[in-house]
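Work through the exercises below with the sequence and the model side by side. Try each task before you read its solution.

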Amino acid sequence: RPVGWPRRAGTGWVTMVTSGTSMTGSSATSFFARLPLGSYDVRALAVQVRVAGKLQGAFVSGAKTMRVVGQSATLSMPATQVTTTIGSATMKFTPARVGRVVTLQILRAGGWMTVTTGRQSSTGVATLRFTAGTPGRYVYRAWTAAAAGAPGFASAPKNLTVTIRP
């Protein structure tokens, strides 16, 4: 049967998404909360239906709090590095999602390519090592894919100038 997932809006309720129940009567859904950052009361609302001639009453769950948070990513790395040396890039993601895969990417031929991959710690930090390539100026970013209902996102780009040994 149809199930609506409304949020409190002032003194009323506004449906954000609808789904249905399984054969066992359970229901779950996922959606992007296109709402301003903050906390919202949400609940499940199943309408009254007739199934195999039997009337199934309406059901309204108790309200639960849904928190909409913003995501951010920062990348810290050296501004210059000598060719073929090993450097370190530290990424910080908020909110932290332990174990979420993160990548250090480089801009090549108009597209982002993965340099190295790691995972977020419990504080949202990942420190990845990389080797400087040929001399030149490069653009890097920290990136993470969509996971657990959160969309993928990237840090602001950082420039790295690779030089030859003096």
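**Exercise 1. In what order do the strands of the three-stranded open sheet run, and which strands form its edges?**

Solution. Note at the start that this model is predicted.
- Step 1: Read the order. The open sheet runs S9-S11-S14, and its pairing is antiparallel.
- Step 2: Find the strands that pair on one side only. These are S9 (72-76) and S14 (125-131), the edge strands.
- Step 3: Look at one pairing. S9 and S11 (residues 86-94) run antiparallel and share five bridges. Ser 72 faces Thr 94 of S11.

As background, strands of a sheet pair through backbone hydrogen bonds.

**Exercise 2. Describe the pairing of S12 with S13, then find the residue with a positive phi in their hairpin.**

Solution. 
- Step 1: Set the limits. S12 covers residues 101-108 and S13 covers residues 111-119.
- Step 2: Read the pairing. The two strands are antiparallel, with eight bridges.
- Step 3: Pick a bridge. Val 101 has Arg 119 in S13 as its partner.
- Step 4: Go to the turn. Two residues lie between the strands, and Ala 109 has a positive phi near 50 degrees.

**Exercise 3. Where do Ala 52 and Thr 84 lie, and is each one buried or exposed?**

Solution. 
- Step 1: Recall the background. Most residues other than glycine have a negative phi.
- Step 2: Take Ala 52. Its phi is positive, about 50 degrees, although Ala 52 is not a glycine.
- Step 3: Locate Ala 52. It lies in the loop between S5 (49-51) and S6 (54-56).
- Step 4: Apply the cut-off. Exposed means over 50% relative accessible area. Ala 52 has 84%, so it is exposed.
- Step 5: Thr 84 belongs to the loop between S10 (80-82) and S11. Its relative accessible area is 56%, so Thr 84 is exposed.

**Exercise 4. How far apart in space are Ala 147 and Gly 136?**

Solution. 
- Step 1: Locate Ala 147. It lies in the loop between S15 (136-144) and S16 (153-154).
- Step 2: Read its accessibility. At 27%, Ala 147 counts as partly exposed.
- Step 3: Compare sequence with space. Ala 147 and Gly 136 are eleven residues apart in sequence, and their C-alpha atoms are 34 Å apart.

**Exercise 5. What is the radius of gyration of the protein, and what would a compact globule of 166 residues have?**

Solution. 
- Step 1: List the elements. The protein has 17 strands and zero helices.
- Step 2: The protein has 23 Å, whereas a compact globule of 166 residues would have a value near 15 Å.
- Step 3: Check the box. Along the principal axes, the C-alpha atoms fill roughly 85 × 35 × 30 Å.
- Step 4: Of the 166 residues, 29% are buried.

**Exercise 6. Which residues lie nearest the centre of the largest pocket?**

Solution. 
- Step 1: Read the volume. It is about 300 Å³.
- Step 2: Read the lining. Of its 14 residues, Ala 33, Val 69, Gly 149, Ala 150 and Pro 151 lie nearest the centre.
- Step 3: Sort the lining. Nine residues are nonpolar, two polar and three charged.

Terms used: Residues are numbered from 1 along each chain as its sequence is written. This is a predicted model: local features need pLDDT of at least 70, side-chain atom pairs count only at pLDDT 80 or more; totals for chains, interfaces and linings use all residues. Side-chain values use heavy atoms; hydrogens and water are left out. Two strands pair if DSSP finds at least two bridges between them. Helices (H or I, at least four residues) and strands (E, at least two) are DSSP runs, numbered from the N terminus. On a 1 Å grid over the protein atoms alone, a cavity is a set of points where a 1.4 Å probe fits but cannot get out, and a pocket is an open set with protein on both sides within 12 Å along at least five of seven lines; lining residues have an atom within 4 Å of a point. Grid points are joined across faces, edges and corners, and a volume is the space filled by probe spheres set on the points. Ala, Val, Leu, Ile, Met, Phe, Trp, Tyr, Cys and Pro count as nonpolar, Asp, Glu, Lys and Arg as charged, and the others, Gly among them, as polar. The radius of gyration is taken over C-alpha atoms; the globule rule is 2.2 Å times the number of residues to the power 0.38. Buried means under 20% relative accessible area, exposed over 50%, partly exposed in between (1.4 Å probe, protein chains only).
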